[in-house]
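Please look over the notes below alongside the sequence and the structure. They begin with the ligand site and then turn to the chain.

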Amino acid sequence: MTQTRYLKADKAGDLEVAAQLLGQGKLVAFPTETVYGLGAHAFDVTAVERIFAAKKRPRNNPLIVHVASVDQARLLFDFDSSLFEERFALLSAQLWPGPITLVGKKSALVPDLVTAGSSKVAVRIPSHPVALELLKTCSLPIAAPSANLYTRPSPTTHEHVALNLDSQIEAIIDAGQTEFGIESTVIEIDTPRAKILRHGVVSAHQLQELLGDVEIPTAGQTETSMRTSPGLCMKHYSPNIQQVLLANEELLARSWFSSAGIILRQASEKNLALKLGKRPQGAGPTVKLPDHPKEYARDLFGAFYAMEKESLESLLIEDLLVLADDAEWTSICDKLARATT
Ligand code: TXA
Ligand code: MG
């Protein structure tokens with residue numbers, strides 16, 4: 001058991017405390033623009049070991065290293081081809097700080113534990129001002145997976161982090177709700193064809209426009225990418241509820257008066273309520289999510305955590321597969337496919 005300190009991003013001195021803890025090899029959860037991360041000094045293998053232990057994360061799933069500057073990021077890579085270096089220069093200039101993670105051959109500085117034995121490392125500069133300030137203050141490379149237990153939804157508030165990791169880590173920084181609510185896009189850039197390893201905030205379309213040619217897995221597709229990014233394993237992001245299903249309109253209508261929890265878009269709720277009436281008092285809980293993809297993504301994992309408190313046997317999430325080809329919804333459909341497997 002560890003006493004967890006609750007720090008406030010806007011309280012004088014608290015970020016310095018967090019930076020000091022990281023320097024001492026302690027674990028600190030911090031906000032990024034995507035989701036909260038669980039950070040440790042990336043070159044301190046004892047600290048990194050504790051990340052895997054606290055999350056109950058398998059050792060074959062590598063960690064993203066977070067840094068404050070492009071120069072710091074360069075030190076973590078071994079640019080063994082000009083193509084790799086050119087793509088790094090382009091994407092780091094265009095998209096950093098921001099929700100994109102670059103994967104390529106690692107330099108000798110990066111411990112094998114961080115990359116789970118892989119010869120490649122994943123690196124990103126987050127844009128959240130608190131994350132950036134923390135990284136600058138400690139001036140260390142910080143290995144940080146999302147701050148949730150293995151297979152659970154990523155945390156978008158410090159309360160979600162506490163639900164997962166209270167008494168396991170030294171500190172949690174509270175900076176309110178994260179902006180995007182889904183994780184960074186992970187792209188491998190040292191292969192002949194750049195390849196998206198995980199869908200995320202930056203759309204595949206945007207990457208294609210920047211790089212020309214990019215290999216893109218379809219939403220929910222994993223088999224081929226699993227070897228390179230084990231984090232893509234199918235079961236992920238799941239709410240802790242016995243049965244979690246994707247539901248089309250027909251199934252939602254059939255379950256409208258049942259005790260099942262339902263998560264759907266505002267417009268879909270309105271539409272069904274017009275046909276069937278509002279869900280009655282005795283029926284299960286309903287969470288309405290915004291119709292716009294950016295806001296939908298921001299609130300999705302929070303909806304999962306809210307539904308977990310309702311002691312449900314069954315949760316239905318509106319199936320959005322009809323939207324999967326729309327670049328703005330692809331990453332969301334990918335999360336939904338995994339949450340319901
Ligand atoms: O938005 C994010 O990326 C958040 C915030 C905290 O930065 N982090 C995050 O980390 O989502 P995590 O550990 O939950 O997911 C990292 C993903 C996994 O799919 C992992 O397999 C992949 O990145 N990854 C990390 N290092 C890799 C590597 N060396 N090669 C291939 N994939 C890697
Ligand atoms: Mg994660």
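1. By class, the shell around ligand 1 holds twelve nonpolar, ten polar and five charged residues. Here Ala, Val, Leu, Ile, Met, Phe, Trp, Tyr, Cys and Pro count as nonpolar, Asp, Glu, Lys and Arg as charged, and the others, Gly among them, as polar.

2. The model is predicted: local features need pLDDT of at least 70, side-chain atom pairs count only at pLDDT 80 or more, and totals for chains, interfaces and linings use all residues. Residues are numbered from 1 along each chain as its sequence is written, chains are lettered from A and ligands numbered from 1 in the order in which they are written, and side-chain values use heavy atoms, with hydrogens and water left out.

3. Ligand 1 is surrounded by 27 residues (a heavy atom within 4 Å). The closest are Thr34, His66, Lys120, Ser184 and Arg198.

4. Polar side-chain atoms lie 2.7 Å from an oxygen atom of ligand 1 in His66 and 2.9 Å from one in Asn61. The protein covers 98% of the 670 Å² of accessible area (Shrake-Rupley, 1.4 Å probe) that ligand 1 has on its own.

5. S6 gives the largest share of the shell around ligand 1, four residues. Strands are DSSP runs of E, at least two residues, numbered from the N terminus.

6. The C-alpha atoms fill a box of roughly 60 × 50 × 30 Å along the principal axes.

Methods:
A polar contact is a pair of N or O atoms within 3.5 Å; within protein, one must be able to donate a hydrogen and the other to accept it, and residues adjacent in sequence count only if both atoms are side-chain atoms.
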